[in-house]
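Dear colleague,

Please find the structure below, together with its sequence.

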Amino acid sequence: MIVRDVTPNGLSGFIASSPTYPMFDNLTRRLAGVVKKLRGQGRLTEENIQDALREVRVALLEADVALPVVREFIARVKEKALGQEVLRSLTPGQALIGVVHRELTALMGEQAVALNFASQPPAVILMAGLQGSGKTTTCGKLVRIIRQQGKKKILLVSCDVYRPAAIDQLKTVAAQAEAEFFPSNPDQKPVDIARAALDHARRHFHEVLIVDTAGRLHVDADMMQEIQALHATLKPVETLFVVDAMQGQDAVNTARAFNEALPLTGVVLTKLDGDARGGAALSVRHVTGKPIKFAGVGEKLTGIEVFHPERMASRILGMGDVLSLIEEAHRAVDQQEALKAVEKLKKGKGFDLEDFKAQIQQMKKLGGLSSLMDKLPGVGQLGATDLAQGERQMRRIEGIINSMTPQERRNPGILKASRKRRIAAGAGVTVQEVNRLLNQFEQAQKMMKSMGKGGLAKMMRGMKGMLPGI
């Protein structure tokens, strides 16, 4: 996998280089086409900028970005693209995509905004949003995010007395997140629950109180009055609007209604890993004027990311997001196991099939091959088919290794015909596939020795063919 130059003059080399979130795929392809059309033209002119921006406008509208947002965005890009700095640029494609990247970043908020805990404990976080937007699960995900910043005593409470099993659901989420849960029941009034939870949090020295609230299938007056009353009672330091990124224009309209009713401090976009058109991610911040603080990228409690506008713009434009990948690796990878692997690499020996399997498991902790490709620039040659094939191949390898005994994993040299037949039957594969794995493992061992001796270039050549498409 080749990582290309990330300087501004190298931007056009990234366009459509790596898969983005599925919901941005069409937008990425459209923008790639814009750059391609500008290739071969000597410089940016008002005419070719007009043509290119027409394509960008269509791409944004197809992505379900709100029309007022598109108009303002296009006007800003045109103004910057016609500036003297861009006109002196080496190539039109690089110049225009650089402007689009900067304006996309500005559209989504310039920089990441952290949670605010500058208050007398407990710092109250009030969750607001429609039913089905993912508020309850997000409560548990926030526990994980908060604990990354330092150990805090966190209490969760549900004020949703309408939806069946809503309170039990949050109780389950709290247990999974290893946070304390304040019990409530459907017979209570939401404001009474909130007041009791706040009093409990103060008396038991909780530093953070996360309050889940009721949602509706649509915005209504009763819902808004209730959440306003909760806000007045709790006086939260953070009021987060949770919105489903797959709702499209409805998400924008809902965001506007909540923003008018509550002093929001931030937005959480959920289901950003879905396959909808994704315009909400580019519209909600513009409509509310409030920062997008987090992005939900999966159903598990680990499926949440701090929202970095610049990194998101890079991913939309196919530039990858290496910084987020590094941060995720620090959180997910077992550091002691990684150090052991490094020592084996240095020595060039002792690398066995247990280590081979461990590398696959570490990759799974980072979200698998597709998640890694999403964040790496310069891998556009890997299409969806290649990625799916690579994922299947890794699962098959893991299954074959699991069918071996510990002795066989440590010493593959003892694997003769009868053992191979037993392993193949246990893994549900052919003997030929077992032989293929053993050949790959032998190549990997040689690469480890080459790397231990400093032969990095030789090792990279040896990787060719290890996984489909790479």
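Predicted model: local features only at pLDDT ≥ 70, side-chain atom pairs only at ≥ 80, totals over all residues.

Residues are numbered from 1 along each chain as its sequence is written, and side-chain values use heavy atoms, with hydrogens and water left out.

Cavities

Three cavities of 30 Å³ or more are present in the structure. A cavity here is a set of points, on a 1 Å grid over the protein atoms alone, where a 1.4 Å probe fits but cannot get out; lining residues have an atom within 4 Å of a point. Grid points are joined across faces, edges and corners, and the volume is the space filled by probe spheres set on the points.

The largest cavity holds about 60 Å³ of space. Its lining consists of Q393, R396, I397, I400, E433, R436, L437 and Q440. Helices α17 (384-402) and α20 (431-452) each contribute at least two of the lining residues; helices are DSSP runs (H or I, at least four residues), numbered from the N terminus. By class, this lining has three nonpolar, two polar and three charged residues, where Ala, Val, Leu, Ile, Met, Phe, Trp, Tyr, Cys and Pro count as nonpolar, Asp, Glu, Lys and Arg as charged, and the others, Gly among them, as polar.

The second largest cavity holds about 50 Å³ and is lined by T213, A214, R216, M223, E226, I227, L230 and F258. Helix α9 (residues 221-234) gives the most to this lining, with four residues. Five of the lining residues are nonpolar, one is polar and two are charged.

Nonpolar cores

A nonpolar core is a set of buried Ala, Val, Leu, Ile, Met, Phe, Trp, Tyr and Cys residues joined through side-chain atoms within 4.5 Å, buried meaning under 20% relative accessible area with a 1.4 Å probe, protein chains only. The largest such core has 68 residues, of which L60, F73, L104, L209, F258 and L282 touch the most other members. Helix α5 supplies the largest share of this core, seven residues. A second, separate core of 23 residues includes I145, L156, L170 and A174.

Leaving aside residues up to four places away in sequence, L282 touches L27, L60, V65, V69, L104, L107, M108 and I316, contact meaning heavy atoms within 4.5 Å. M108 lies in helix α5 (residues 92-108) and counts as buried because its relative accessibility is 1%. The C-alpha atoms of M108 and M312 are 8.5 Å apart, although 204 residues separate the two along the chain.

Yours sincerely

Definitions and conventions:
1 Å grid on protein atoms, 1.4 Å probe; cavity = no way out; pocket = protein on both sides within 12 Å on 5 of 7 lines; lining within 4 Å. Buried < 20%, exposed > 50% of the residue type's maximum accessible area, 1.4 Å probe, protein only.
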